[in-house]
Amino acid sequence: MNIRSKKMWKILAITMMAVIFLAACGTSPIDENSTGLWDRYIVYNFSRIIVWLSDIFGNYGVGIIAFTLIIRIILIPLTKYQTQSTEKMQMMQPELKALQEKYASKDPETQQKLQEETAKLNEKYDYSMWSGCLPMLIQLPILMALYQSISRTEILSQGHFLWLELGVPDQLFVIPIIAAILTWYNTRLTTIGTPNSNPSMAMMQWTMPVMILFMGVTLPSAISLYWVASTGFTILQTLVMNNPFKKRDAREDQIRKEKELERRLEKAKRNPNGKKK
């Protein structure tokens, strides 16, 4: 596993632990009398917005879905930036792989040289690993605020949507399973759109759904509902704005053209005068 992959996994692990840890934080009811930056201005306002949307649509679950879609729409520029960053990473992959092969030795001096050359490569392509992690890091406080706005607002924690009691985990596990499947498909779309195979991405395709499923069956069903709405929107956005299937088809068509050109050149070399040698 290369240095970039290790950092990505560390960030992912920290994100998971933070989301699980939030279950033990902030248990007192949230209302207009709450104080502090987090409680008064973030969690309480999240609660107010969700309740307001729920009053408009007549259901607290629909209010959470509407709130999620609003958040996702606001994050569209950031998602676009992430997509551009991913494309830069794909462009630099051949050169990065060459560097990793050149500095394959595990001794400290060689690894230091690899880090230096990798930094130069990142600068060349104007790429930052953090740009790919930014949406995940931004969603973390949103998840924390959503969790606490539901668990600490009585009217929301006792709300219902279909068979769900929003303040407790889904007893049928249906929503967590749907969230895990959508997470798998979303990662699969990223894999399809990537021209070079990446073991870390392949591992992520299976690890992320398992993590989402685990958290979904332990946290309130409102969180799983958020994941379903958010990931579903992300999938739709990807298919519309950055369709990986079209990218794959274009890539395969380019490969066919290059192979056909190679065959013609080889044929011309063997038979330059139109006759067999």
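Q: What percentage of the 277 residues in the protein is buried?
A: Keep in mind that this is a predicted model. Burial here means under 20% relative accessible area. Out of 277 residues in the protein, the buried share comes to 39%.

Q: How many helices and how many strands does the protein have?
A: Start at the N terminus and read off the elements: α-α-α-α-α-α-α-β-β-α-α-α-α. The tally for the protein is 11 helices and 2 strands.

Q: Among contacts in the protein between residues at least 6 apart in sequence, what percentage joins residues at least 24 apart?
A: A contact here needs heavy atoms within 4.5 Å. Take the contacts whose residues are at least 6 apart in sequence, then pick those joining residues at least 24 apart: the share is 75%.

Q: Are α2 and α3 parallel or oblique to each other?
A: Helix α2 spans residues 37–57 and helix α3 spans residues 60–74; their axes come within 7 Å and cross at roughly 120 degrees. Angles of 65 to 115 degrees would count as roughly perpendicular, and over 145 as roughly antiparallel. The pair α2 and α3 is therefore oblique.

Q: Is the crossing of α2 and α3 left-handed or right-handed?
A: This is the crossing at roughly 120 degrees, with the axes coming within 7 Å. As for its hand, the crossing of α2 and α3 is right-handed.

Q: Which residues in α3 meet α4, and which in α4 meet α3?
A: The axes of α3 and helix α4 (residues 76–102) come within 4 Å and cross at roughly 55 degrees. That angle makes α3 oblique to α4. The contact of α3 with α4 has 4 nonpolar, 1 polar and 1 charged residues. In α3 the residues are Arg-72, Ile-73 and Ile-74, and in α4 they are Ile-76, Pro-77 and Thr-79.

Note on methods
Residues numbered from 1 in each chain as written. Predicted model: local features only at pLDDT ≥ 70, side-chain atom pairs only at ≥ 80, totals over all residues. Heavy atoms only, no water. Axes fitted to C-alpha atoms, helices over the stretch in contact; angles between N-to-C directions. Parallel < 35°, antiparallel > 145°, perpendicular 65-115°, else oblique. Left-handed = near helix turned anticlockwise from the far one by under 90°. Buried < 20%, exposed > 50% of the residue type's maximum accessible area, 1.4 Å probe, protein only. Nonpolar A, V, L, I, M, F, W, Y, C, P; charged D, E, K, R; others polar.
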